Amino acid sequence: QVQLVESGGGLVQAGGSLRLSCAASGRTSRTYATGWFRQAPGKEHEFVAAISWSGANTYYTDSVKGRFTISRDNAKNTVYLQMNSLKPEDTAVYYCAARESTGWSTVINYYSKSDADYWGQGTQVTVSS
């Protein structure tokens, strides 16, 4: 089992920045690709970004490209999502998730269906206009 805990959410004005963290504990000796997802009220769960275990591969949904950066520090078992130039439409609960690495394209395919092995509890991000 892997436990994921998100932190770093909050209230920020449009144009501002936040950095979310996803700390993993438990069976972290296995290799996991990590993804960030979000869900706004009344909207579907959205796959936002992902990073491979090595950090060599990253993925971003079109709406956040150039504004969000995903990174990881495996020594700290932590994945980050740096969010810049935030917009009101970025308001949502942000979740991190982990899936055992089975090939990058396979991971992306699963994440595109919001299919992960482990999920965090979420952190609220609110962007005011």
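**Notes on the predicted model**

1. A quick look at overall dimensions to begin with: a compact globule of 129 residues would have a radius of gyration near 14 Å, and the chain agrees, with 14 Å (the radius is taken over C-alpha atoms, and the globule rule is 2.2 Å times the number of residues to the power 0.38). The C-alpha trace spans about 40 × 25 × 25 Å along its principal axes. Please keep in mind that this is a predicted model, where local features need pLDDT of at least 70 and side-chain atom pairs count only at pLDDT 80 or more, while totals for chains, interfaces and linings use all residues. Residues are numbered from 1 along each chain as its sequence is written, and side-chain values use heavy atoms, with hydrogens and water left out.

2. On to the fold. The chain has one helix and eleven strands (DSSP runs numbered from the N terminus, helices being H or I with at least four residues and strands E with at least two). Read from the N terminus, the order is β-β-β-β-β-β-β-β-β-α-β-β. Of the contacts between residues at least 6 apart in sequence, 59% join residues at least 24 apart (contact means heavy atoms within 4.5 Å). Buried residues account for 43% of the 129 in the chain (buried is under 20% relative accessible area, exposed over 50%, and partly exposed in between, with a 1.4 Å probe and protein chains only).

3. You will find one disulfide in the structure (a pair of cysteine sulfur atoms within 2.5 Å). Its partners are Cys22 and Cys96, with sulfur atoms 2.1 Å apart. The pair links distant parts of the chain, as Cys22 sits in strand E3 (residues 18-26) and Cys96 in strand E9 (residues 92-100), 74 residues apart. The torsion about the S-S bond is about 65°, so the disulfide is right-handed. Both Cys22 and Cys96 are buried.

4. The cavity deserves a look too. There is one of 30 Å³ or more, and the largest cavity holds about 130 Å³ of space. By definition, a cavity is a set of points on a 1 Å grid over the protein atoms alone where a 1.4 Å probe fits but cannot get out, and lining residues have an atom within 4 Å of a point; points are joined across faces, edges and corners, and the volume is the space filled by probe spheres set on them. Among the 15 lining residues, Ala24, Thr34, Trp53, Arg72 and Asn77 are the closest to the centre. Strand E1 (2-7), E3, strand E4 (32-39) and strand E8 (78-83) each give two or more residues to the lining, with the largest share, three residues, coming from E3. The lining divides into nine nonpolar, five polar and one charged (Ala, Val, Leu, Ile, Met, Phe, Trp, Tyr, Cys and Pro count as nonpolar, Asp, Glu, Lys and Arg as charged, and the others, Gly among them, as polar).

5. Two loop residues are worth checking for backbone geometry. Most residues other than glycine have a negative phi. Asn77, in the loop between strand E7 (68-73) and E8, has a positive phi near 50°. Ser85, in the loop between E8 and E9, also has a positive phi, about 50°. Asn77 counts as partly exposed at 27% relative accessibility, and Ser85 counts as partly exposed at 41%.

6. Lastly, Thr61 lies in the loop between strand E6 (58-60) and E7, and is buried, with a relative accessible area of 14%. Beyond its neighbours within four places in sequence, Thr61 is in contact with Glu46, Phe47 and Val48. Thr61 and Val48 are 13 residues apart in sequence, with their C-alpha atoms 5.2 Å apart.

Definitions and conventions:
1 Å grid on protein atoms, 1.4 Å probe; cavity = no way out; pocket = protein on both sides within 12 Å on 5 of 7 lines; lining within 4 Å.
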